[in-house]
Amino acid sequence: MLYILISFWIGGQFTRFYSSSISSDTVAGRFYKPQYGAMSFVIDTPLKQVITYSADTMIVYYPDRKKAFKIKSLQNIINQNRIATDLKEAIGLLRKSGYIFLRKEKKGDTIVSYWTHEKRKTTLKIVYDKKGRVFEVTVENAKGRTLYSTRVFEYIMLRDSLFFPKKITSITTQDTELFVFDSVRIILQDSLPEIIKNPVLPKSVSVTIKGFDEK
């Protein structure tokens with residue numbers, strides 16, 4: 001029982017492959033994700049970088065350059081949802097970003113639920129199974145055009161009712177990205193890097209604020 005009560009994270013190695021019509025790049029490093037909450041990244045190549053999320057704010061920190069950016073945007077919630085693979089967490093993010101549940105369909109072991117966003121005039125489809133593993137999140141505009149689609153592949157079981165994918169791919173109207181995860185394991189909170197466990201920027205860091213004054 002004590003093991004269940006201890007706060008834990010999921011961590012491991014990741015590689016992200018990104019491509020668009022004008023550029024492409026590959027970054028690699030480590031990822032850390034609490035049992036419920038947004039994933040953080042410690043990037044080792046091609047340069048040192050730390051990316052963390054808190055509510056609708058993303059922090060991008062360059063430790064070698066002593067620079068950081070704090071970016072507030074509703075888009076950050078959407079970015080989190082692209083890599084939310086647990087059903088409860090994904091639905092929580094949908095509700096935070098203003099989506100309203102429409103209906104649900106059952107197709108064997110697969111369940112498809114539909115959501116709508118009145119302000120954005122978009123419809124979202126989320127596909128999952130009875131174990132709560134999310135396999136697809138697709139958003140369409142009012143004309144039925146796909147704005148982005150995320151698919152999840154090859155879940156591994158870390159322990160009973162706790163799963164994590166090996167691959168996640170996201171396609172938007174502008175770009176494509178693929179996350180590949182390796183050496184995935186459970187990490188106790190006390191074993192986290194300090195910048196993840198206590199994400200406070202050093203006073204010597206120059207911080208640029210973006211998006212906080214926008215209405």
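**Close-up views of a predicted model**

A search of the whole structure, which is a predicted model, finds 10 salt bridges, a salt bridge being a side-chain nitrogen of Lys or Arg within 4 Å of a carboxyl oxygen of Asp or Glu. Residues are numbered from 1 along each chain as its sequence is written, and side-chain values use heavy atoms, with hydrogens and water left out. In this predicted model, local features need pLDDT of at least 70 and side-chain atom pairs count only at pLDDT 80 or more, while totals for chains, interfaces and linings use all residues.

**View 1. The protein as a whole.** The secondary structure of the protein comes to four helices and 14 strands, where helices (H or I, at least four residues) and strands (E, at least two) are DSSP runs numbered from the N terminus. Of the 215 residues in the protein, 43% are buried; buried means under 20% relative accessible area, exposed means over 50%, and partly exposed lies in between, with a 1.4 Å probe and protein chains only. Among the contacts with a separation of 6 or more, 40% come from residues 24 or more positions apart, contact meaning heavy atoms within 4.5 Å.

View 2. The side chains of Arg16 and Glu177 form a salt bridge, with 2.9 Å from N to O. This pair links distant parts of the chain, as Arg16 belongs to strand β1 (residues 8–20) and Glu177 to strand β13 (residues 175–188), 161 residues apart. Both Arg16 and Glu177 are buried. The side chains of these two residues are also joined by a polar contact of 2.9 Å, which is a pair of N or O atoms within 3.5 Å; within protein, one must be able to donate a hydrogen and the other to accept it, and residues adjacent in sequence count only if both atoms are side-chain atoms. A network of salt bridges links Arg16, Asp25 and Glu177. With neighbours within four places in sequence left aside, Arg16 is in contact with Asp25, Thr26, Val27, Glu177, Leu178 and Phe179.

**View 3. Glu136 and its two salt-bridge partners, Lys125 and Arg151.** In the salt bridge between Glu136 and Lys125, the closest N and O atoms are 3.5 Å apart. Glu136 lies in strand β10 (residues 134–140) and Lys125 in strand β9 (residues 122–129), so this pair ties together parts that are 11 residues apart in sequence. The side chain of Glu136 also meets that of Arg151 in a salt bridge, at 3.2 Å from N to O. Here the link runs between distant parts of the chain, from Glu136 in strand β10 to Arg151 in strand β11 (residues 146–159), 15 residues apart. Glu136 counts as buried because its relative accessibility is 9%, whereas Lys125 is partly exposed, with a relative accessible area of 27%, and Arg151 is partly exposed at 40% relative accessibility.

**View 4. The second largest pocket.** About 280 Å³ of space lies in this pocket. On a 1 Å grid over the protein atoms alone, a cavity is a set of points where a 1.4 Å probe fits but cannot get out, and a pocket is an open set with protein on both sides within 12 Å along at least five of seven lines, lining residues being those with an atom within 4 Å of a point. The second largest pocket is lined by 19 residues, and Tyr36, Asp86, Ser161, Leu162 and Phe163 lie nearest its centre. Strands β1, β2 (24–34), β11 and β12 (162–172) each supply at least two residues of this lining, and β12 gives the most, with three residues.

**View 5. Helix α3 and the residue Gly98.** The buried residues of helix α3 (residues 87–96) are Leu87, Glu89, Ala90, Ile91, Leu93 and Leu94. An α-helix has 3.6 residues a turn, so residues three or four places apart point the same way. Just after α3, Gly98 takes a positive phi of about 100 degrees.

**View 6. Gln49 in strand β4 and Leu124 in strand β9.** Gln49, in strand β4 (residues 49–54), counts as buried because its relative accessibility is 12%. Not counting residues up to four places away in sequence, Gln49 touches Phe41, Val42, Ile43, Val60, Tyr61, Tyr62 and Pro63. Leu124, found in strand β9, is buried with a relative accessible area of 1%. The C-alpha atoms of Leu124 and Asn141, which are 17 residues apart along the chain, are separated by 8.9 Å.

Note on methods
Grid points are joined across faces, edges and corners, and a volume is the space filled by probe spheres set on the points.
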